[in-house]
Structure formats: structure tokens, C-alpha cells
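The following paragraphs go through one protein chain, from its overall layout to single residues. Please keep the sequence and the model in view while reading.

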Amino acid sequence: MTVHSSAAALEAHADAFQRRFGASPSAVWFSPGRVNTMGAHLDYNGGPVMPCAIDRGTFVALRLRSDGVVRMASSSFETVLEWPLAALPTRREQRWSDYPLGVLQALLARAEAPPGFDILYGGDLAIGAGLSSSASVCVGTARAVAEAWGLTLSAEAVVETALLAERGFVGVRCGIMDPYAIAMARSGSLLWLDCRDRSWESVPLDLDAVSIAVADTQVRRELAQSAFNERVQQCASAFEVLRTLQPEATCLRDITRATYLRGKSMLEAPLALRAQHVVDEVERTFAARAALQRGDVSGFGAAMTAAHHSLRDLFEVSVPELDCLVDAACGVSGVHGSRLTGAGFGGCVVVLLQRGREDAVREACTQAFARRFQREPLIEIYRPSGGPVRWL
Ligand code: GLA
């Protein structure tokens, strides 16, 4: 069992289900969140990414019903939502339930006369902090409901279901990294995913040697979605220009440094910066994987910090709170590297550090942040987790 904290928390979730619905759940699932290490903003450019699932996530408790009704609740809200399974909303309703509903709509297309159920969501993952709470919910729902309905889904089909929910139903222009990071996760490893052909492999981390700290600025990312969509659009526009110099290229990831250097004067100012980030980050991510494979964790960490500087200066998705934490963490001996995680514009930084240096990182980040912003960041230590797992 790879779930860290959470035997007690999952048990409490099963009790909460019993209180809400008057019977105990027949299954309780844990679905992890994720942090990014390398491959920042590369997934929608067809590049390689190296996310890592973490041992905090979403809890999904469920029990089948015999009357064709779906009742859905979240431990964060009082209301219990209820629909006949045959009349589930087919459009988003602008609330948290859109994510699971999108998954249910995708699964209904695969199921024959499935039963209704009661389902309760909860968990120990910060929401909206760049730890992929939405993909955690979608992948966890796909696994839990598919099993309850007797559907066999490959890991790839789980990813497709989560993407249909987020892109099709909720309407978010998200990349493919997050559901892969969660559905394909192996305990104690980073995932290597090549987003051009979707090939993937696990890259083991030496868990006796390293820890992952996540420091949350608690700056919530109100602007994140529109700014994220703008970056996606800018990368697409840069690619349209640069591909005229390299017609065989299929995505921005294919654009070589030589092409970029020849073509950058054809790009308007922010587009040239965005494209340079992508060209650099692709090279950096391949080099970082090679470093990790030869046991050079410091080299890998240095690439993470370089990625952050590029996100700050070229991709322009950082904020002062994130930069402050990255700088403070990187000043601590035993820290290999640090960068913002998720899309940016707020949320968390991830720190890769030598095991045993957790307190030093905590102290340095807390002090530097409090001096500058007069409040404290939330700092947690995570272990790399496996993918969704049925706990009960
Ligand atoms: C968000 C998106 C991901 C990815 C990252 C940036 O988290 O959901 O698909 O694009 O930003 O690397």
C-alpha cells in the first residue's frame, strides 16, 4: 500500500460516507495529486515531461444503488446532488460536480444498463494549488466507477476518459500530462512521458536519498486559466511562423535550435520568448533524464531550477511569491533544485532535496517568505506515490 498518511484519513472518509448516505461504502479509492519536475509547459507543445505523483490526493467512496439514481456529495460542501442516472446533466453546471459528471458521461458510452450509486469525494490535496486536483478527481472517478460498473479500462482508456471530462465536458484546454502523471504513476518513480507519441516509462528515484517538499504560496490562481490559454495560443502562433522554415515539424517541440535562431526575428516579442523557453526546456528535459539515469541528482535538480528561471523570465508565468520560495530553497545546502509546479501564476513550488534537510528547507522558506510577505507559506513533505489504488 503506497498511500502515505492516509489510512486514518481514508477511514474517516468511509465514516463520512456512512453519515451522509446511511450505509457504509463498498469501495474507497485513493487517487494521487502530482508535482512537475521537468518539462514545464511542454505537454501541449508535444515535448517530454517528467511529473511525479504524490502521496496526497482525492478520496472517492462509493456504493451501488438498485434504483437507477446517482447521489453525489463532497466533504467540502453540505449539499447532496441527485439525478436519475438516465437524466444526468449533459452540460456543465459551473460547479465542482462538473468533473465527475464529465467522467460519468464518458463512461456511460461504454456501459450497458449500469446501476446508479452514491459517491462521496474528499481528500488531503490542496485545491487550485497546481497539484492537479482536477485530474486526480477525474482519474479517481474513472477507476472507481469503471470497476463498480464492471468495465475493464486500460490505463490509456482511463486517461482518455479523464481528458474527455476535462476538455469536452468542463471545457478546459488542459494538456495531457496530468491524467498520465496520475494514471501511469509507479511508486518511488518519476514518469517520463513523450507527449508527441505518448510513449512513457518510469524513471526510479532513490527514495533513501531524496525528499520532495512542496511550499504553497496560497496565492490562488484566478488568472491562471485565461493566462494558460494565452500561453497555449502564443506557442501555437510561434509554431505557425517557425514551421515555414522547417516544414517537416509537427509541433513546437520539433523546432530545432538552429530553426529558432534563424526565425526568431520573424516572431513578435513575447512569441520569441515563449518559443525560446520551449526549445531550451526540451533540451534541458532530455539532459535532466540522462542525469537522473546516471545517478546525478544534483544535475537533475539544477535543471529544475533553470526551468524555473526560464518560466520566470521567458515564459513569464511566475509571481514574486513563487520566486521568493525558489530562491530561499535553493540557498539551503542539500537542496538539489526547485521550481514552480503546475501552470504558474500562484500555487506551489516543488523542492527536490537531500533526505534529512527537510527542517532546514522549511525554516529557510518560512523565514524568507514571512520577511517579504508578512505571512507563512504552507510546507509539506511528500513521497512519490503510485497511481490510483483501491483501499477498501
Ligand atoms: C497545467 C496543465 C498541464 C501543463 C502544466 C504546465 O498544470 O494542466 O497540462 O500544461 O500546466 O506544464
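**From domains to residues**

The chain is assigned two domains, domain 1 (7-203) and domain 2 (210-382); the bounds come from an automatic or database domain assignment. This is a predicted model, in which local features need pLDDT of at least 70 and side-chain atom pairs count only at pLDDT 80 or more, while totals for chains, interfaces and linings use all residues. Residues are numbered from 1 along each chain as its sequence is written, and side-chain values use heavy atoms, with hydrogens and water left out.

The centres of domain 1 and domain 2, taken over C-alpha atoms, are 26 Å apart. Across the boundary, 35 residues of domain 1 are in contact with 45 residues of domain 2, contact meaning heavy atoms within 4.5 Å.

The secondary structure consists of 11 helices and 12 strands. These are DSSP runs, numbered from the N terminus: helices are H or I with at least four residues, and strands are E with at least two. The radius of gyration of the chain is 21 Å, close to the 21 Å that the globule rule gives for 392 residues, so the chain is as compact as a globular protein of that length. The radius is taken over C-alpha atoms, and the globule rule is 2.2 Å times the number of residues to the power 0.38. Along its principal axes, the C-alpha trace spans about 65 × 50 × 40 Å. Among contacts between residues at least 6 apart in sequence, 71% join residues at least 24 apart.

Of the 392 residues, 59% count as buried. Buried means under 20% relative accessible area, exposed means over 50%, and partly exposed lies in between (1.4 Å probe, protein chains only). The chain exposes about 15400 Å², of which carbon and sulfur atoms supply 49%; accessible areas come from the Shrake-Rupley method with a 1.4 Å probe, and for residues only the protein chains shown count as cover.

What lies between the two domains? The largest nonpolar core has 96 residues, and Leu 104 and Trp 149 touch the most other members. Domain 1 and domain 2 both give residues to this core, so the core lies between them. A nonpolar core is a set of buried Ala, Val, Leu, Ile, Met, Phe, Trp, Tyr and Cys residues joined through side-chain atoms within 4.5 Å. Leaving aside neighbours within four places in sequence, Leu 104 is in contact with Val 70, Met 72, Leu 88, Phe 117, Val 145 and Trp 149. A second, separate core has 26 residues, including Ile 54, Leu 125, Ala 129 and Val 203.

Leu 104 is one of the buried residues of helix 2. Helix 2 (residues 98-108) is mostly covered, with eight of its 11 residues buried. Among them are also Asp 98, Pro 100 and Gly 102. The buried residues of helix 2 pack against strand 3 (69-74), strand 4 (81-84), strand 5 (117-123), helix 3 (133-148) and helix 4 (155-170).

Tyr 260 lies in helix 7 (residues 257-263) and is buried, with a relative accessible area of 3%. Not counting residues up to four places away in sequence, Tyr 260 touches Leu 242, Ile 255, Ala 272, Ala 275, Gln 276 and Val 279. The C-alpha atoms of Tyr 260 and Ala 272, 12 residues apart along the chain, are separated by 8.5 Å. Thr 305, in helix 9, is buried at a relative accessible area of 12%.

Two loop residues have a positive phi without being glycine. Gln 218, at about 60 degrees, lies in the loop between strand 8 (210-216) and helix 6 (224-242) and is partly exposed, with a relative accessible area of 37%. Glu 316 has a phi of about 55 degrees; its loop is between helix 9 (297-313) and helix 10 (320-330). Glu 316 is partly exposed at 39% relative accessible area.

How many disulfides does the whole structure contain? The search finds zero, a disulfide being a pair of cysteine sulfur atoms within 2.5 Å. For Cys 52, the nearest cysteine sulfur is that of Cys 348, 14 Å away. Cys 52 is buried, at 1% relative accessibility. For Cys 195, the nearest cysteine sulfur is that of Cys 251, 9.5 Å away. Cys 195 also counts as buried, at 9% relative accessibility.
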